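Colleague: Hey, I'm new to this one. Could you walk me through it?
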Amino acid sequence: INEFVTDDCFKRFACVLKETLADLDSNAADLLNPNSFVYSVGKRQYSGQTRDGLCLTLILRALLDNKRQGQWQVDAIVKEIFETSELNWWLTYRHGDVVSYLAEASPKAFIEYIEKDLRKDKPLMQHLFVPIKKNHFLASEYEVVYTHILFALEMLAWMPEYLIRVSLILAQLAKIPNESNYGNKPINSLVDIYRLWLPMTSVDAENRCKAIRRICKSYPEVGLDLCFRLAKKYDQQHISYSPRVSRWRLKEVVVRKTVTYGEIYAVLRCICEIIVAHGVPTSAEASEIMEIATYCSVFVDLRKMLREYLIEQHDMLKDDRTFYKHLMNKINHFRCYPNARWSLPEPELREWEALLDDLRPTNLQDQLEHVFDGNYHQLPELRGISDYEEKFLKVEELRFDAVDRLLKQDGFEALMNYSRILTNPQYIMRALAARNDALNFFDHIYKLAETDEFFRKISVEFFGRLIICDRKGF
């Protein structure tokens, strides 16, 4: 039938399509109001089936015209629809497949519009991709109105010629702060597209590596975050939803192919090289790298690459208490379960322990901080003890000795200041109450509790323990 569609007929079809898509929801803009109760699209003149049918016809017109004039005509129509669209238009079509259908009809027009919009001083996408914090009891904490755009971009990522452009758009959108708990986020879309064992794109491993490098070059922070998400426990990542595929375009390309270990290794090696070339890591980045380097499913030579990189950065990590404690807990976890399938080989553990010794803090407070951690089962001093009661008594003894050493070296006032930086400062109070001279601290702690909310909360442990111990004179 397409062969008998004249230009005049297609012009009339285009007019009908534009008029139908210009039928907007008058209440759509209220979605951006934090106090609004609007959720569903209001009544409009044309049905959803009418809009979908017209959009699908547009896709077929672009694909079935042998002279390729159809695609040019469709590009012009879709470009005009997007360029004349305003915020209310995107809010109206936040549900359904209209945006995805238009993107499939003309990928070029859709991508060019998003790229052009993001170059503006006040891009429209900025408004759409900022989660709306609702203030009334009927709503979840946040509401998002951008999922239809993400679905369209994920669909176009299957097409090799658009993968890099789509990835750069998603990377730029990922820079927009998003504190919602929704799984549909630009960074998660990137993870799904480049997932090592099940990528949501038809592009081969070599070109996926090139695309990841391009993201890291253009948007370093987003790129590094993407690398960490892809590599960390890569073989345990799940799929939260079905892949977004096109309705008609490139049906033969979107065929699930078996991913080989060779491809997984190639992409994972590329990611590790990017991480190592990034430069001096922050404390959080060093911890992420350590998680990847101690994961048994990561290939041995890649674990070695990341481990040697962290060893080279030992001067920067020397005063990093967080990384030191994280590494100590990780080593102790492996030592507690040496025969587990996920445990590291002995030579690797010895290298990590050598790094831990090199990073051991000289400050007594930093050396003893792990003793006051709530998860005392990870304490290296408890290694080899299986009885729960024996563990508990040993922890109490360790904390008592730690407080005794800190009092002798720094005094009571310094100990109270030290308790402020601890995750579980109440253990300081328990250890003080267990001392023979506990009543000597009674007046000092009572005065602190009267004037400071922090000490008012944790002093309950001190006074309560005194009652339990039935101290004479209390």
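Predicted model: local features only at pLDDT ≥ 70, side-chain atom pairs only at ≥ 80, totals over all residues.

Colleague: Salt bridges, then. How many salt bridges does the count come to?

Modeller: The count comes to 29 salt bridges. The general idea is that side chains of opposite charge can pair when their charged atoms come close.

Colleague: Which residue forms a salt bridge with Lys 330?

Modeller: That's Glu 291, with the closest N and O atoms 3.2 Å apart. Lys 330 sits in helix 17 (residues 321-336) and Glu 291 in helix 14 (residues 283-293), so this pair ties together parts that are 39 residues apart in sequence.

Colleague: Is Lys 330 buried or partly exposed?

Modeller: Buried, because its relative accessibility is 18% and the cut-off for buried is under 20%.

Colleague: OK, what about Glu 346 and Arg 350, how do their side chains meet?

Modeller: In a salt bridge, at 3.5 Å from N to O. Both are in helix 18 (residues 346-359), and because they are 4 residues apart there, about one helical turn separates them.

Colleague: And how exposed are Glu 346 and Arg 350?

Modeller: Glu 346 has 35% relative accessibility, so it counts as partly exposed. Arg 350 is partly exposed as well, with a relative accessible area of 47%.

Colleague: Which of Glu 396 and Arg 465 is buried?

Modeller: Arg 465 is, at 18% relative accessibility. Glu 396 comes out at 23%, which counts as partly exposed.

Colleague: Which residues are linked in a network of salt bridges?

Modeller: One such network links Arg 213, Arg 269, Glu 273 and Asp 301.

Colleague: Let's switch to the surface. Which residues form a positive patch?

Modeller: Lys 79, Lys 108, Lys 116, Arg 119 and Lys 120 form one. Take Lys 108 from that group: it belongs to helix 6 (residues 107-118). Its relative accessibility is 42%, so Lys 108 counts as partly exposed.

Colleague: And which residues make a nonpolar surface patch?

Modeller: Leu 63, Leu 64 and Trp 248 make one of about 280 Å². Leu 63 is placed in helix 2 (residues 48-64), and with a relative accessible area of 30% it is partly exposed.

Colleague: Now some loops. Where is Asp 452 found?

Modeller: Asp 452 is in the loop between helix 23 (442-451) and helix 24 (453-469). It counts as buried because its relative accessibility is 19%.

Colleague: What lies 2.8 Å from a polar atom of the Asp 452 side chain?

Modeller: The backbone nitrogen of Phe 454.

Colleague: And Lys 233, what is its phi near?

Modeller: Phi of Lys 233 is near 50°, a positive value in a residue other than glycine. You'll find Lys 233 in the loop between helix 12 (220-231) and helix 13 (261-277). Lys 233 is partly exposed, given its relative accessible area of 43%.

Colleague: Where is Asp 23 placed?

Modeller: In the loop between helix 1 (7-21) and helix 2. Asp 23 is buried, with a relative accessible area of 13%.

Definitions and conventions:
Residues numbered from 1 in each chain as written. Heavy atoms only, no water. Patch = residues over 30% accessible without salt bridge, like charges linked within 9 Å, V, L, I, M, F, W, Y side chains within 5 Å. Areas by Shrake-Rupley, 256 points an atom, 1.4 Å probe, with all protein chains shown as cover. Salt bridge = Lys/Arg side-chain N within 4 Å of Asp/Glu carboxyl O. Lys, Arg positive; Asp, Glu negative; His and termini not counted. Charge placed at Lys NZ, Arg CZ, Asp CG, Glu CD. Helix = DSSP H or I, 4+ residues; strand = E, 2+ residues; numbered from the N terminus. Buried < 20%, exposed > 50% of the residue type's maximum accessible area, 1.4 Å probe, protein only. Polar contact = N/O pair within 3.5 Å; in protein donor to acceptor, adjacent residues only side chain to side chain.
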